[in-house]
Amino acid sequence: MAKYVINGGKYLEGAVTISGAKNAAVAILPAALLVNGKCRVENVPEISDVRILLEILADMGAEVVFENGTVTLDCSNVTNTCPNPELVPKLRASYYLMGALLSRFHKAKVALPGGCNFASRPIDQHIKGFVALGADVEETEDYVNLTPGPEGLRGNRVSLDVESVGATVNIILAACLLPGQTIIENAAKEPHVVDLANFLNTMGARISGAGTGTVKIRGVEKLEGGSYAIIPDQIEAGTYMAAVAAAGGNVMVQNVIPKHMDCITSKLQEMGVKVIQYDDSIRIISDGKLRHTTVKTRPYPGFPTDMQAQICVCMSIAEGVSRLTESVYETRFFGYCTELASMGADILISGKTAIVSGKKKLNGAQIHAHDLRAGAALVIAGLAADGVTEIENIHFIERGYERIVDKLTAIGADIKRVDD
Ligand code: EPU
């Protein structure tokens, strides 16, 4: 099994370029199932979640070419509405195949999704949406089977009980080619929801309000092929910003949308990090000496749950006592706090809140990644620590971070990927 070996304590310097957003890519690629013709999607990150999704689409009969960050995808000849049940559970976002297939073929049989298991991740809101659009839903322990109900499929109003990214995206996908208007209330506002809507609108869909709490989809008869470039990854950018904050350095983080980073930027500034925003890049300057702060994760535009673990590492070496409250996934602390404790961090978890008493330094240790973002946080901890850190289970990290070793090495980190 491969692992990362990090010799910590190096000052980070230079520039790092952020890849296309994982969570936009994994929504946009299945959305190509709705398009009658060739889609060219640029700025697609070369990560394992994307590779598996493309394998699923190719297995269903799509023509797929992935070269130099650009995917050319033609799903015109797809007829299979039951994607490979061996591949589907390999990632979370395979649930988007349900909405896309329902919209185009009016039926779908899709195995239950897998992905990072840091919390219970129900899909009841996705199902609620499909039912509102007129689908009959059969759910078993292994798959979800969608067929048209007695009154057929058509647009409708859906009010989500929770602001769910996945349910918002899935209902947008399902509604695109159905007759009538769909209105999603309490919709998620994340940048990747907006990116998906922009992609679909470029191909001829009629979606308005994405990025607000109310999204309206007026069904169209068909979507035509076209070109689209995915937005930069907010969480990858935030991860490199946190890495520089914790390890110390002066790094330009390039290819970002600074507005998407506001919440992360202001927390790092509170912790004493210098953050300078430009049009499409952000400079981070840190001497590694951080101040305590308080963070509560929230749906966008709040502080992202996907940055919880990375900011926790910064807190664990900040002067004073920080409080970190998780309000999206309650059990998300468990995947990494014990690993950080073995590096010397002092974290007390009390319900939804971690109370983090900062230490001057963490020490290198042998640790394990338990999921994608927790794994990235351990990389940051290794970069900031004294001594050598070895991280196992790195396949979790490579699910979502493109060429992380190369990018960190280019800014002065001492990190190697070693095959045991
Ligand atoms: N929820 C329900 N029922 C549902 C759906 C969600 O109760 O049917 C709850 C969840 O349990 C959670 C909250 O609603 O408490 C929000 O979940 P959401 O549906 O927004 O999460 P998701 O769509 O499954 C996406 C990202 C995650 C990210 C969350 C929150 C993708 C593929 N995944 O998951 O990203 O943590 O939104 O922002 O877009 C990651 O990138 O590492 C990652 C885990």
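Let's start with Lys-3: its relative accessibility is 10%, so it counts as buried, the cut-off being under 20%. Keep in mind that this is a predicted model. Below, the contacts are grouped by topic.

- Which residue does Lys-3 form a salt bridge with? The partner is Glu-390, and the closest N and O atoms of the two are 2.9 Å apart.
- Glu-390 has a relative accessible area of 18%, so it is buried, given that the limit is under 20%.

**Around Asp-49**

- Asp-49 forms a salt bridge with Arg-399, and here the closest N and O atoms are 3.6 Å apart.
- Again, distant parts of the chain are linked: the two residues are 350 residues apart. You'll find Asp-49 in helix α2 (residues 48-59) and Arg-399 in the loop between α12 (395-398) and α13 (404-410).
- Are these two buried or exposed? Asp-49 is buried, at a relative accessible area of 6%, and Arg-399 is buried too, at 12%.

- Asp-262 counts as partly exposed, with 33% relative accessibility.
- Lys-259, at 57% relative accessibility, counts as exposed, because the cut-off for that is over 50%.

**The wider tally**

- How many salt bridges does a search of the whole structure find? The count is 15.
- As background, side chains of opposite charge can pair when their charged atoms come close.

**Aromatic rings**

- The structure has two aromatic pairs. One of them is Phe-199 with Tyr-228, an edge-to-face pair with 5.8 Å centre to centre and 80° between the planes.
- Phe-199 sits in helix α6 (residues 191-202) and Tyr-228 in strand β13 (residues 223-229), so-called distant parts of the chain, 29 residues apart.
- Both of these aromatic residues, Phe-199 and Tyr-228, are buried.
- One more ring to check is that of Tyr-143: the charged end of Lys-109 sits over it, 4.2 Å from the ring's centre.

Note on methods: Residues numbered from 1 in each chain as written. Predicted model: local features only at pLDDT ≥ 70, side-chain atom pairs only at ≥ 80, totals over all residues. Heavy atoms only, no water. Phe/Tyr/Trp six-rings, centres within 6.5 Å; stacked < 30°, edge-to-face > 60°. Helix = DSSP H or I, 4+ residues; strand = E, 2+ residues; numbered from the N terminus. Buried < 20%, exposed > 50% of the residue type's maximum accessible area, 1.4 Å probe, protein only. Lys NZ or Arg CZ within 6 Å of the ring centre and 35° of its normal. Salt bridge = Lys/Arg side-chain N within 4 Å of Asp/Glu carboxyl O.
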